[in-house]
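Open the structure in your viewer and keep the selection tool at hand. The stops below say what to select and what is there.

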Amino acid sequence: MTEVLAVAVITVLAVIAPGADFAMVVRGSYLYGRRTGLLGAAGVAAGVLVHVTYTMLGVGLLIASSAFLFTVVKLTGAAYLVYIGVRTFRTRAEVTVDLEHRTGLTPLAALRTGFLTNVLNPKTTLFVVSTFAQVVGPGTPLLQQAGYGLFMSLAHLLWFGVVALFFSHDRMRGLMLRGQRVLNKVIGTALAGLGVSLALAPTH
């Protein structure tokens, strides 16, 4: 139960922290409309599954081959959570969205853009790897691990779907961006605290 809660909290905080995926969905929704934004969100969610797949294989191999190496990866992941927490807390600049280029996007292009944004996004890579390193142990069933990955993907789909709906309206765009600084403080504090607590928790 503790593992499930940890995955849920870390995922929600990491997903709503503004980054490249956020800026991409905002721009697509604002420039091209709701459908483009929603397709971009679907692409982002699909990109998460790529990271989940290789992470499940890699963490499993680490557990089987070396308990010490797995512990190192676990602590590195916890340190990363603290790092992004501090960095998010200290962020002052708002996410900037280029609204100058208004060329159209086909549905396939919108989906591909979202997919590539998260497949090539270091933030997503480290988020997935560090989270799995904290909650997956020798006794964690493969089906449960897959459930974690699907939850991560679904959380991205739901959040960025909401972002797409909001940012397809001008007034909502301004409202969300104005609240970004406060959101960064809250997210940063929570992520750093989780990183510390997970680093101190006993290894499975």
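Start by selecting Ala 14, Val 15, Asp 21, Lys 123, Thr 124, Phe 127 and His 156, which line the largest cavity. A cavity is found on a 1 Å grid over the protein atoms alone, as a set of points where a 1.4 Å probe fits but cannot get out, and lining residues have an atom within 4 Å of a point. The volume of the largest cavity is about 40 Å³. Volume here is the space filled by probe spheres set on the points, with grid points joined across faces, edges and corners. Searching the whole structure gives one cavity of 30 Å³ or more.

This is a predicted model, in which local features need pLDDT of at least 70 and side-chain atom pairs count only at pLDDT 80 or more, while totals for chains, interfaces and linings use all residues. Residues are numbered from 1 along each chain as its sequence is written, and side-chain values use heavy atoms, with hydrogens and water left out.

Colour the cavity lining by residue type: three residues are nonpolar, two polar and two charged. Nonpolar covers Ala, Val, Leu, Ile, Met, Phe, Trp, Tyr, Cys and Pro; charged covers Asp, Glu, Lys and Arg; the others, Gly among them, are polar. Which helices each supply at least two residues of this lining? They are α1 and α6 (122-135), and α6 gives the largest share, three residues.

**Helix α6**

Select α6. Helices (H or I, at least four residues) and strands (E, at least two) are DSSP runs, numbered from the N terminus. The 14 residues of α6 reach 20 Å from first C-alpha to last, close to the 20 Å expected at 1.5 Å a residue. The expected span is 1.5 Å times one less than the number of residues. Among the buried residues of α6 are Thr 124, Phe 127, Val 128 and Phe 132. Buried means under 20% relative accessible area, exposed over 50%, and partly exposed in between, with a 1.4 Å probe and protein chains only.

Now pick out Thr 124, which sits in α6. With a relative accessible area of 2%, Thr 124 is buried. Leaving out residues up to four places away in sequence, Thr 124 touches Asp 21, Val 48, His 51 and Asn 118; a contact means heavy atoms within 4.5 Å. Draw a distance from the C-alpha of Thr 124 to that of Ala 20: the two are 9.7 Å apart, across 104 residues of chain.

**Asn 118**

Follow the contact from Thr 124 to Asn 118, in helix α5 (residues 107-119). Is Asn 118 buried or exposed? The relative accessible area is 0%, so Asn 118 is buried. Beyond residues up to four places away in sequence, Asn 118 touches Asp 21, Val 44, Gly 47, Val 48, His 51, Thr 124 and His 156.

Next select α1 (residues 2-16), whose 15 residues reach 22 Å from the first C-alpha to the last, close to the 21 Å expected at 1.5 Å a residue. Buried residues of α1 include Val 7, Ile 10, Thr 11, Ala 14 and Val 15.

Phe 151 counts as partly exposed because its relative accessibility is 33%. Not counting residues up to four places away in sequence, Phe 151 touches Val 7, Ala 8 and Thr 11. The C-alpha atoms of Phe 151 and Thr 11 are 8.4 Å apart, although 140 residues separate them along the chain.

Move to α2, with 13 residues and a reach of 18 Å from first C-alpha to last, close to the 18 Å expected at 1.5 Å a residue. Asp 21, Phe 22 and Met 24 are among the buried residues of α2. Just after α2, Gly 33 takes a positive phi of about 105 degrees.

The structure holds one aromatic pair. The rings of Phe 22 and Phe 167 have centres 5.9 Å apart and planes at 85 degrees, so the pair is edge-to-face. Rings of Phe, Tyr and Trp (its six-membered ring) pair if their centres lie within 6.5 Å; planes under 30 degrees apart count as stacked, over 60 as edge-to-face and the rest as tilted. Phe 22 lies in α2 (residues 20-32) and Phe 167 in α7 (residues 142-167), so the pair ties together parts 145 residues apart in sequence. Both Phe 22 and Phe 167 are buried.

**The whole chain**

Finally, zoom out. The protein chain has nine helices and zero strands. Of its 204 residues, 44% are buried. Among contacts with a separation of 6 or more, 87% join residues 24 or more positions apart.

How values were computed
On a 1 Å grid over the protein atoms alone, a cavity is a set of points where a 1.4 Å probe fits but cannot get out, and a pocket is an open set with protein on both sides within 12 Å along at least five of seven lines; lining residues have an atom within 4 Å of a point.
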